[in-house]
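Q: Can we go through the charged pairs in this one? Start with the terms, then the pairs.
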Amino acid sequence: MSDYVYNSSDASLKTFRALFTSRIGDRSGSHDQDFIEILELVLALKAGGSVIDVGAGHGRMTPLCLEHMETVVALEPDAARCAALKNAFHDPPKCTVSPEFVSAFAQDKSSASFDVALLSMVLQHVPTDAYPDIVGSISTVLKPGGVLIAATTHAVAETKGFTFEKASPEKQFVEEAEFNAYAHNPEGQTKGIPVRRFDQDAFLEVFSTHFKVALWRQYSYYKLSSLRFFCQLYNVPERVLRDVGNCQYAVLVKK
């Protein structure tokens, strides 16, 4: 994955997000309101410290990080996204934007230096054999007792598995080996980005060697207007997905 490319468009992502909602208050807020509020709480508790955002994209979370933290490092290996991120936020030493993978970044550091790490909506797009390197490297750059906030997809038993953004309705899921081969070859991703749909146990297991779980929640629930579409897509009755968040996050503390 040395030449990583994010093979999806922000326009399609925006359209997809509109199919979901929060369950906070009158449910009119952003689909990821719960996640954003927890992130802001952790940053506020660590205010004046340092944060590293692994897979920062266009920097959707960067303003929030800059509001609370003295030092922000945003890593984004996709060249186009990194260029936009750098143009908007790169201002060392307050904010440093880099195209490095976190593994390469960690090798350059002689000691742990970050209070908080953010890994938001990254894991589901990378091959499973990359998880140990990613999580181990994040642990390396975090201070003792440092906090990792991680978010990814969420699915129940009937809808979990390995798939692609543009998978055919006839074949929603593939074997892990096929998924990994596809994820390792960004230039050959003709079906859009790879997407793993994690259940809770599989998600938390990724971090078990280096982190303990302080909090887990699901979020981003299916709107009633879109529920039938997803139930037909996964061939499940509405009761299976009605109260299931499409995303999940965990607040994790370095062991």
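A: Buried means under 20% relative accessible area, exposed means over 50%, and partly exposed is in between. Keep in mind that this is a predicted model.

Q: How many salt bridges does the count come to?
A: The count comes to 8 salt bridges.

Q: What does Asp34 form a salt bridge with?
A: Its partner is Arg217, with the closest N and O atoms 3.2 Å apart. The two sit in distant parts of the chain, 183 residues apart: Asp34 is in helix α2 (residues 33–45) and Arg217 is in strand β9 (residues 211–222).

Q: Is Asp34 buried or exposed?
A: Asp34 is buried, because its relative accessible area is 14%. Arg217 counts as partly exposed at 35% relative accessibility.

Q: Moving on, which residue forms a salt bridge with Lys143?
A: Asp115 does, and the closest N and O atoms are 3.2 Å apart. Lys143 belongs to strand β6 (residues 142–153) and Asp115 to strand β5 (residues 114–120), so the pair ties together parts 28 residues apart in sequence.

Q: And how does Asp115 count, buried or exposed?
A: Asp115 counts as buried, at 14% relative accessibility. Lys143, at 32%, counts as partly exposed.

Q: What about Glu238 and Arg242, where do their side chains meet?
A: In a salt bridge, at 3.9 Å from N to O. Arg228 comes in as well: salt bridges that share partners join Arg228, Glu238 and Arg242 into one network.

Definitions and conventions
Residues are numbered from 1 along each chain as its sequence is written. This is a predicted model: local features need pLDDT of at least 70, side-chain atom pairs count only at pLDDT 80 or more; totals for chains, interfaces and linings use all residues. Side-chain values use heavy atoms; hydrogens and water are left out. A salt bridge is a side-chain nitrogen of Lys or Arg within 4 Å of a carboxyl oxygen of Asp or Glu. Helices (H or I, at least four residues) and strands (E, at least two) are DSSP runs, numbered from the N terminus. Buried means under 20% relative accessible area, exposed over 50%, partly exposed in between (1.4 Å probe, protein chains only).
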